[in-house]
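The sequence and the model come first.

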Amino acid sequence: MDFTELPMDLITEEILTRLPVKSLMRFKCVSKLWLRLISSRYFTHRFLTVHSPRLYMCLWDANDYLNCEILSSAPLDATTTTPSPFLVDHYLTTPRMGRPILQNLGGFMCYIYWNKPRMYNPATRQLVTLPFKKSDHMIVPPGGKKIVRYYFGDEALNHKYKVVSSISVHLKQNMEVISSENWVFVLEGGVCSWKMAALTSPDFCPHVPCKMEGLCMDGVIYYMALLGPFEYVFVSFDVKSEEFNMIQVPRRNGDELLERFQNVGLLEYGGKPTLFDQTNLKDKGVVALWSVEDAGSKKWSCKSLVVQPSQLHLVNTITFNVKGTTQNGKVLLIPKDFLFPFQILSYDIQNNDMRKIEIRGIPDRWFNMDEEAEVCVDVMFMDQSESVISSDFVSSLDWTERDNHDTSIHRSLPLSVSLPIL
């Protein structure tokens with residue numbers, strides 16, 4: 001092919017899409033044309049470079065809110081087909097970073113800090129802070145408790161992001177739901193605010209969100225909730241239509257314990273929202289996968305996996321948290337206790353195979369804390385293309401039609417965006 005026949009701007013664009021994020025941030029200074037191109041949403045969603053997978057680890061002392069550290073690590077050998085140890089190579093800690101990491105949304109780390117939802121782009125190190133949803137009007141009776149949760153989602157087709165706030169009041173003794181509300185964060189007329197969601201589904205009931213982590217897939221946000229002490233549901237929110245729905249979670253024989261959901265994680269499996277139930281993993285080496293086969297008819301399917309006898313030693317002495325899946329379908333199991341050496345499990349559920357992945361280079365101080373300290377750990381795996389989306393995230397909350405190359409809001413926002421409390 002004679003490359004002289006191709007327009008120079010097309011060649012430039014193709015080259016830029018294959019560069020690391022750090023280089024792109026520097027190249028914004030080359031010219032106004034490059035600034036507009038790299039900052040545009042059009043270029044963001046054409047960014048093709050896929051780097052080696054990265055693990056982001058958050059460490060904190062539960063007894064010292066300010067003692068927190070964010071670490072980034074890469075595999076020592078990215079070419080091997082077997083799990084390679086990861087080595088810490090970057091320290092990402094910035095003011096107002098929180099824990100745990102609730103969601104990986106298109107390259108953003110989503111979390112809550114001081115009751116405010118935040119989204120952090122580790123590639124550009126830019127932070128967006130959204131206002132928390134006030135709920136003073138919801139009265140908490142004696143013996144009651146109020147829970148506020150945030151869930152993040154996007155619609156890939158139209159490149160729109162939305163945040164849902166679920167607020168509930170319940171009695172602690174019997175988990176009776178007193179009241180609940182759902183709100184959606186919007187930007188209308190240049191003003192950011194929370195609006196109450198229009199709950200159109202006739203079977204949508206007051207509920208208590210029972211997990212901080214949510215899942216977004218195919219433009220739908222999912223989270224787990226309780227209608228009562230033994231009644232569990234999947235709550236879904238369509239990012240485009242803003243429609244809420246509920247799907248009843250099947251009960252197992254003898255399922256009478258509220259603590260069951262402490263052993264359940266929400267993930268994507270086979271293109272379907274799935275509950276990864278590890279209740280019997282430690283004692284029996286058995287995992288149950290509950291998948292939503294048809295959201296319309298609310299049908300579920302269940303698949304049980306039995307860990308290979310030669311790998312039972314990996315799970316029979318450690319309690320894990322489920323932390324989502326990689327792009328090739330491997331489930332990440334993160335130890336609840338922080339031990340040296342620190343190792344996580346990669347569970348290939350297609351081949352029923354578990355492998356240990358060691359994370360090296362963690363600062364020694366976290367293994368040598370005082371007895372009063374309570375070290376907690378959370379890990380997020382990202383194997384998507386690095387995101388060049390910067391603080392123009394706020395502009396993508398606008399649902400009105402907008403030119404894909406518009407960068408006016410992007411240019412006007414500072415490196416760390418903090419919106420006023422409404």
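Five of the six residues of β17 are buried, so this strand is largely enclosed by the rest of the structure. Buried here means under 20% relative accessible area, exposed means over 50%, and partly exposed lies in between, with a 1.4 Å probe and protein chains only. Strands (E, at least two residues) and helices (H or I, at least four residues) are DSSP runs, numbered from the N terminus.

The model is predicted: local features need pLDDT of at least 70, side-chain atom pairs count only at pLDDT 80 or more, and totals for chains, interfaces and linings use all residues. Residues are numbered from 1 along each chain as its sequence is written, and side-chain values use heavy atoms, with hydrogens and water left out.

**The four-stranded sheet**

β17 belongs to an open sheet of four strands in the order β17-β18-β19-β20, with antiparallel pairing. Two strands are taken to pair if DSSP finds at least two bridges between them. β17 (264–269) and β20 stand at the edges with a single partner strand each, so one side of each has no neighbour in the sheet. From one strand to the next the twist averages 25°, where axes are lines fitted to C-alpha atoms (for helices over the stretch in contact) and angles run from 0 to 180 degrees between N-to-C directions.

Six bridges join β17 to strand β18 (residues 272–277) in the antiparallel sense. Val264 has Asp277 of β18 as its bridge partner, and Leu266 stands opposite Leu275 in β18. The two strands form a hairpin with two residues between them, and Gly270 in the turn has a positive phi of about 65°.

Val306 counts as exposed, at 52% relative accessibility. Leaving aside neighbours within four places in sequence, Val306 is in contact (heavy atoms within 4.5 Å) with Gly285, Val286 and Asn352. Val306 and Leu281 are 25 residues apart in sequence, and their C-alpha atoms are 8.5 Å apart in space.

**The eight-stranded sheet**

Another open sheet has eight strands in the order β21-β22-β23-β24-β3-β2-β1-β25, with mixed pairing. Its edges are β21 (320–325) and β25 (375–382), each with a single partner strand, so one side of each is left without a neighbour in the sheet. Neighbouring strands of this sheet are turned by 30° against each other on average, direction ignored. β21 pairs with strand β22 (residues 330–335) in the antiparallel sense over four bridges; Val322 stands opposite Leu333 in β22.

**Nonpolar cores**

In soluble globular proteins, nonpolar side chains tend to be buried together. A nonpolar core is here a set of buried Ala, Val, Leu, Ile, Met, Phe, Trp, Tyr and Cys residues joined through side-chain atoms within 4.5 Å. The largest core has 36 residues, of which Leu105, Met119, Phe152, Val163, Ile221, Val235 and Phe244 touch the most other members. Elements giving two or more residues to this core include β5 (108–113), β8 (144–155), β10 (177–188) and β14 (220–228). β9 gives the most, with five residues. A second, separate core of 21 residues includes Val177, Met217, Tyr222 and Leu275.

Strand β9 also holds His170. His170 touches Gly143, Gly144, Lys145, Ile147, Met175, Glu176, Val177, Ile178 and Val208, not counting residues up to four places away in sequence.

**Selected accessibilities**

| Residue | Relative accessibility | Class |
|---|---|---|
| His170 | 3% | buried |
| Cys376 | 18% | buried |
| Cys205 | 31% | partly exposed |

**Cysteines and chain totals**

How many disulfides does a search of the whole structure find? The search finds zero, a disulfide being a pair of cysteine sulfur atoms within 2.5 Å. For Cys376, the closest cysteine sulfur is that of Cys58, at 9.4 Å, which is too far for a bond.

The chain has six helices and 26 strands. Of its 422 residues, 51% count as buried. Among contacts between residues at least 6 apart in sequence, 55% join residues at least 24 apart. The chain exposes about 20000 Å², with 53% of it supplied by carbon and sulfur atoms; accessible areas come from the Shrake-Rupley method with a 1.4 Å probe, and for residues only the protein chains shown count as cover.
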